[in-house]
Amino acid sequence: MNKLLVLLTIFFILPFSLLAQNKTIKGKVTDENGAPITGANVIEKVTKKGVQTDKGGNFSISVSGTGNVSLVISFVGYISTTVTVTGNDAGSVKLIKDAVTQEDVVVVGYSTVRRRDLTASVSSISAKDLKDIPVNSAAAALAGRLAGVQVITSEGAPGADVDIFIRGRNSITQSGAPLYIVDGIQLDNALSVLSPQDIQSIDVLKDAAATAIYGARGSNGVVLITTKGGKNTGGKTTVAYNGFVGVSTLARELEFMDPYNFVMYSYERAKYTENPTDTSVAAQYIKRMSNFDTIKNYINYPRTEDWQNRILGRNALQSTHNLSVNGGTAATQYNLSLTLNKQEGLISNSDYERKLASFRFDHKASDKLKIGFNTRFNQQKVTGAGTSDVGGAGSNRLRQYTRYRPLILPGQQEDTYDQNLDVALNPGNSLSLKNPLQLIQAEYRLRTVTTYNYNGYLNFNFTKQLSFRSTFGYDVSKTESKAYDDTLTNNSIALGKQPVLNLNNNDVTTINNSNVFTYSNPSLFKSKHSLDVLVGQEIYQTNVKANAIQVNYFPLGTTPNQAFANLGLASPPAGISQPKPSSTEINTHQLSFFSRLNYSFNRRYLLTLNFRADGSSLFGPDYSSTIPLTDSTNRKWGYFPSASFAWKISDEAFMKDITFINMAKLRLSYGAAGNNRIGAYGFTTGYSPPSNAGYGLSDALAYTLTLPSNLGNPIIKWENLTSKNIGLDLAFFHNRVTLTVDAYSNTTKNLLIQNKIPPTSGYTTQYQNVGTVRNNGLELQLGAAVVQNREFTWNTNFNIAFNTNKIISLGKQDKFTANSGWFSTTNNPDDYLVKVGNPLGEIYGLQVDGFYNVNDFDVSNYVNATNNARYPTLLYQYKLKAGLPNPIAVLSDYVAPGQIKYRDVNGDGKITLDSDRTVIGHALPKFTGGFNQQFSYKGFDASIFLNFSVGNDIFNANKLEFGNQYGQDQNMLSIMNGRWRVIDANGNLIQKQPDATTVIGIAPDQLAAINSGATIWQPYKSTAGYAPMSFAVEDGSFLRINNITIGYTLPQSLVKRAKISSLRIYVTANNVATITGYSGYDPDVNARRASALTPGVDYAAYPRGRTVLAGVNLSF
Amino acid sequence: MLYKFLKTRKLVAILLVGATVIAISCKKYLSPAPLSTVDPSIVFSNVSNAQAAVNGAYLSMAGDFGYGIRVSFYYAHDDDIIMGGGSGIAAGRQEEAHYTLTAGNTDIGSTFNQFYAGIERANNCIYYIPRMPQFTEGSATDKAQLQRLLGESLTIRAQLFFELIRIWGDVPAHWVPSVFVPNLFESRTNRDTIYNHLLNDLAYAKTLMPWRTAVTQDERFTKGTAAALRAKIALFAGGYSLRQSGTVQRVANYLDYYKITRAECDTLMNNRTQHTLYPSYKGFWKDNVDAHKAVDPSGELMMQVAMANGTNSDSKIGAQCGTKINGVGGSLGNMLPTYLYLFDSTDVRRDVTFVPFEVVRDVYGRGHASNSLYDGKFRRDWITNPSYYQSSGATTVTNPVTLTPVSNNNIQNFQLNWPLIRFADVLLMFAEVENELNGPTTAAYNAFSEVSLRGHNGVATLVPANPGTQAGFFQLLVKERALEFGGEGIRKFDLIRWNLLGTALTEVKANLARMAAGTAMVNYSYMAPMPAYCTTANLPKSLYFYQNMPVEDLSATRSGSQIWANSYYQTTPAAVPLDITLPGNPVITTSGSFNNKISWFANTNITGTYVNWIGYGFVTGKSELYPIPQASIDANGNLRPQNPGY
């Protein structure tokens, strides 16, 4: 805290020093062709005072004294030059273009390094690249841009979560998210807190040589973000405005049955099952079952309702406004940025709004002391329930918005509430459907995330070589989730159809402080040896507080706003009490020491050594516990060393003659990093009061303590990643073509897995250090300035990354299975396999082999007095031929013609989940990448960006659910129009299962003839239809035209009159087109993010829109 | 100034010192005290926390996946008296009832896990409580309380294992907290081994717990509970069950187990100050169980699961079963019309067990056809203190009831406890094992007749005579247990332990078909005959009911509703009866919205509702057990092989 005070004081007390000025030097800065350069820095060498050139390249600088003055003139992308001026006129200074973009400075852990001196594998993206991508999410802007950085958006909802994986998945069940460091401060939610417009650069550290300095938590890679600071503008204030508006539309639709086919199936179902509920559903449409002939009236039914389009088909508007004010002198720079995003979702009640304010201030108090302060406020509001939910099918809404019956019954309106649906037709598992228009209004959701970041640093140079830097961050992120369920919802129905309110608060406070000494000597004893040493210490602590309140029984008609403002309005009926509120608070602490040594000889041979020790409270023993410990071994500490070496081959004498190669550097690295991203107290089994529960002695909840579902494991310790990397950086043809190639092998040992343990233990999971996973990969990044002349430039950039993931060991186990939980959070058969020798993300299920045909059955005459009388036309019995596998153990129906057929993988003559599930898909891609083209011609600029992913499968659970009809009166995908029929063209039953072991039908040739055109099986009517199967696995490879932008910068001559320094207008189309074989909404999907074991599930994901935007970049 | 201060490098010194201090105290820094979780060392440091941990073990029996509805209703049918889940095989509950279950069923895994979580909670209590200093050295009160808590934990664990074995057969067993179990990938333990362990546990638990009258009376277990459960477990241990071999068999020394049952029942029956029959069968349900009483004055409720309003603490009993009121209510306990005719016309239990009507316009009965009869012990209109009676608002009433607003019409939880063992069960268990051990002795008959006598409102002449043979007395008990325990989740498991489930389903299906066709029912081969007047073809094809007859009249002598205008046992009168509840007594309306005539015998809907579905997938040698849940087998391959037939 004291440190903060010091900073603040310095900040306010220290006046900006002003120096006496004696003369003014004027001049002009141009490029090789004589074109003026705007914004070049002109700095007086001695006083470090500086100004920038104006539009015409002209500058004017006041200097002290009257003698010779040295001015350093620099501009990004040009070679800096120093001119000595005697009088007042510096004349015209030409800057020579330096195509070596490699000369950029790269941020690495706790310091920066010039890219040419880098020994590690680092990918970067700068503000220049970001400007072509007018999106609201910084994460979305990264998609496909960097080799080896995979960006997966969970779904298309505004504000949706994004997962970033660097070089594959190194952990199995722990978060695979990289570590985010913003201006030196660890910030977990960085990509949602920052506006892309505020980002100066993003550097992604990929190998352990670079990440080991972060030791803890560095194993998934590190994303370093530098925000825009002020500039030395010589005191002038620059105001810039960036804004865009646009509209999104649903990019793709699923095909559902039309009214005719829908009613036809209702009839068919009722005819077959003879179940009273099925019959009553069919009777809604045709009065009574004998009216089969009236179904044809639905062929051109006038009251069709396309719910998908009605609910998800909005023309969703969005707008973004970003205003920044920045400027500064050589000593003091500031940047203020204000952003407002508004985005409508494709669903009418889902909106997103973000307000962001950020202020950054850097001040050089003296030659020795530099301080800075950065404060950020971010408020994000997401309204609407969206389509997806982490819970099972019953709480997901895409089904609600698409499966409602595709027609409006006579006497009903589009938004009529049909009570039958939630009382009589509730198929269980809360899967009844409601009128979507009604439901949308009945579910009020508002999630507000408010973030405050306060960061500061102090940099003190003791000598030229020795400096100290202390960085302090205090971040608060408050999430408030409000939910209000009106009478129509399942939640409310369970509580007497009175509205239910849920209020959840989740506050995360983090404190991060690092103190680093750096010693830097570029020329030890005036030799060619250079040495940098860095030593530091860091603490990182988090406090997570969560509170949840549920309030039931609001009076009917209470609006959400009234309810939240008056919780006391709710009054439960006699004898019922309100649920107990619940809360948790968890503190985690981490303490670290680290050091780094950089040594180079002749700037040709570069060596970096890192060492870090991390202590974490997430590991045992618990010194606060009162029980004596049986095993007191300290497992809190992890040690992470690394080494890397680079050889600049191009500097060697033997390379002198090879002129087309401008730069060649070989990099080698080897290192370790750690991961501790597990829940707190994984090492003990603690009791806690159950949430709103207790044993009901004498009808009241007694004081009760229960055990968690996770069994404590006292011996868990750090997960450990070993990374090997070999890389080559090349630049050819006057640095016009650059190529970076990296090959790596990352092995993670002692994987921290929240392992499934047998539930007979009383627990379902336990953290264990088991197993090893390896990622091998190759990355290639190729850039070329294809054309570069005064009027026309063409830059192209291509990256591709191959990664193979393999599980080397799982400890004592050979394999285990995992459940994506899309249908039920507890108990559908497991649909993913984790197995030694295989990669992660193996989709596990039954192989579908078409459906049973008449030929698969032995047919005999059926003689049964009762049933012959009931079904006079069904006189043949169908018995599965000997030797064909019977799926009765999987399905509750007896095997019949037209039933789905599974492959008997183990050949035991029957189909069981236990022995016939096998790997049916691989969710991880073989390779991913992107391809970017940027053009400029005079004032025009254009870019087109493509990204791709190849070789990944998607588990399309939508197709499983929507292709079956577990609950009556729910629409199905139109692929089911080709189903095997159990009625003939006149609506007569042609097949029936009269008891558990008998299937009867009409004569086999007739049955076959009627179904000669069948392309798919009879839909399921039970939950057995949701067993994982290959039908739902699809190739998710895609090539997407992600972004096309065309811009025009107005000529200086024109805008100058309006006192505008630059004005660019542009139009952009995002998500323009996707080439894919995938049948769902979008192949870039990951709907079940809670576990890393189940990637690539598409269930109820919010569909993605296609967006067209127009915008303006304006600066004064 | 500050700048100078900094320049003096004091700051550096301070920071270095600070770093050192941090390093020294890093043990503490890296062990922040847990706030939201309580260490076992704290839980088992005092009696009230230990009690809370035992409550946690109790809690595992409650809720949707415990006895709240799944175990008590969904898993306890189909048998020869009730069909569970309704017509059809699509829903999970229908699969569970009609024996079409697959291992992937979404309910059974949750129950399996919840019961094992309860065993783990009990194991922790059983492990730690005796190690608490107060257990041996505490005050007399502390010691007594802790001993009781230990006894309760042993009893809870026994009940959970017992239920797991009934549903799944051989299951893994361990008796200490999982943290002390070296290999959690356990194989299945033979059920006889587990049974023996439980019987020993309960013998010990009996010595630890007080009688019910010695302590505050609530739903906590007492000495009598342990004794009754021990009797019941021994009865099942000596009964038939489906073995891993695929055959249904019983242990050779089954009579040794029956001796245990006999001894336990005998002790209880000789201690009537603690537990005896409540005088009125109807009053037991209406005035005690449905009135939210924690215990009944006679102590007939020996063992029950307490329920209260809270997540996983409640039950759906009475909401998903029982009758409808004003159009709302569940009907998962579909009572077979053939079962109604097992009762003789004087048996008061018939009209408690059955609700052949729903309640409309708040209080009036609307008769139901014979293919939609409901179970009646947990009927909504009997629930009081508090009541969940929803007014339709449609009428003024002559028979006032406490009305709660109509907005409660979808409440799913009524906080009704689930009775696990009643004293009547002790009596009939005694009669059964006494008959097996010593034949139909007077002692056996007396125990039986005590139950039957109450069932006939104390009229001794209505109690069936002792058949005098062991086989005949057994058949009498097979019937008597059906009459006494309908809707209490007991029948199916009784039939399994007698190895009669397959026979019972076949025969009852045949009788249902006869009822549907209007031909005379035939007596069952495995139990005492129905009253002779029930096995004729002259049962009424239609029943008429009065339009404005309250379902619950207040006269104390009547056991059930008087809504019917003609008898269950005589052919339908040729002329439509008069409606005594309407002014001027016109004939009963038989059309329109007041069609007060329902189909009864020769009702073809019985075929669609029951004959088509009851026991749909039953296969002997398979269906006696559920499959081990797929999720559990996925998590632990040592649970293989799967149960026979799956």
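Over all chains the count comes to 62 salt bridges, where a salt bridge is a side-chain nitrogen of Lys or Arg within 4 Å of a carboxyl oxygen of Asp or Glu. Please keep in mind that this is a predicted model, in which local features need pLDDT of at least 70 and side-chain atom pairs count only at pLDDT 80 or more, while totals for chains, interfaces and linings use all residues. Residues are numbered from 1 along each chain as its sequence is written, chains are lettered from A and ligands numbered from 1 in the order in which they are written, and side-chain values use heavy atoms, with hydrogens and water left out.

Let me begin with E264(B) and R230(B), whose closest N and O atoms are 2.6 Å apart in a salt bridge. Because E264(B) lies in helix 12 and R230(B) in helix 11 of chain B, this pair ties together parts 34 residues apart in sequence; helices here are DSSP runs of H or I with at least four residues, strands are runs of E with at least two, and both are numbered from the N terminus. E264(B) has 3% relative accessibility and counts as buried, as does R230(B) at 14%, given that buried means under 20% relative accessible area, exposed over 50%, and partly exposed in between, with a 1.4 Å probe and protein chains only.

In chain A, R903(A) forms a salt bridge with D849(A), at 3.3 Å between the closest N and O atoms. R903(A) is partly exposed at 38%, and D849(A) is likewise partly exposed at 36%.

Finally, a network of salt bridges links several residues, among them E300(B), R349(B), K377(B) and E484(B).
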